[in-house]
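Please open the structure in your viewer and keep the selection tool at hand. The stops below say what to select and what is there.

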Amino acid sequence: MDVDDEELLRLVGKGDRGAFDVLYARNAPWLVLRLRRRCRDPELVREVVQETFLTVWRAAAGYRGDGAAVGWLWSVAAGRLIDARRRALARPQSVGVPGDDVLAWSPSAEDEVLAGAYDAELERALHRLAPELRAVLQATVLDGLTVREAAVLLGVPEGTVKTRAMRARRELRAALS
């Protein structure tokens, strides 16, 4: 099929299995590479890619087409990775029997309290940022998009993304120091 990803997403939204196969073949390899930069567990990466394309199959009809399809795919994949990591943290950790070479690590109560306090402070600082600054941080830091991808996703020039990222970091640094 010789169509762009945006058109493939529209076709997938209409239930076209062939378009889905082409979209998967075209985009799964780079998604795996990008996810592997953020997660060392290859099994988890495979699971996230599967969940991503399952979400794409279910949600493609809702794709608005107001940004690049690759940006939308990456935001879905990044969200699935975050969800997978949250699920992993919520699972109880087992501790090996004495003599086991590998024991599970569990944070101390003090570590949990300090992490919660820092996270709460960071969350408050993020919410005080202007929405356009927060959106740039979301795209570049949390979703891991490049400046170019973030610019396409947000519909602003690359220079604007760089400037907003610099302002956001400066404001966060001041709020957290």
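**Before selecting**

This is a predicted model, in which local features need pLDDT of at least 70 and side-chain atom pairs count only at pLDDT 80 or more, while totals for chains, interfaces and linings use all residues. Residues are numbered from 1 along each chain as its sequence is written, and side-chain values use heavy atoms, with hydrogens and water left out.

**Whole protein**

Show the protein as a cartoon: eight helices and zero strands are present (DSSP runs numbered from the N terminus; H or I of at least four residues for helices, E of at least two for strands). Of the 177 residues, 29% are buried (under 20% relative accessible area; exposed is over 50%, partly exposed in between; 1.4 Å probe, protein chains only). The accessible surface is about 11300 Å², and carbon and sulfur atoms hold 55% of that surface (Shrake-Rupley method, 1.4 Å probe; for residues, only the protein chains shown count as cover).

Next, colour by pLDDT, the predictor's confidence in each residue, from 0 to 100. The average is 81, and 82% of the residues score at least 70. Where pLDDT is low, the predicted coordinates should not be read in detail.

**Helices α2 and α3**

Select residues 17-38 (α2) and 42-59 (α3): their axes come within 10 Å and cross at roughly 145 degrees. Axes are lines fitted to C-alpha atoms, for helices over the stretch in contact, with angles from 0 to 180 degrees between N-to-C directions.

Now show side chains. The α2 side of the contact includes F20, Y24, L31 and L35, and the α3 side includes V45, V49, T52 and W57 (contact means heavy atoms within 4.5 Å). By class, this contact has 14 nonpolar, two polar and two charged residues (nonpolar: Ala, Val, Leu, Ile, Met, Phe, Trp, Tyr, Cys and Pro; charged: Asp, Glu, Lys and Arg; polar: the others, Gly among them).

**T52**

Not counting residues up to four places away in sequence, T52 touches L31, L73, V76, A77 and R80.

**L122**

Last, select L122 in helix α5, residues 109-128. L122 counts as partly exposed because its relative accessibility is 26%. Leaving aside neighbours within four places in sequence, L122 is in contact with L172 and L176.
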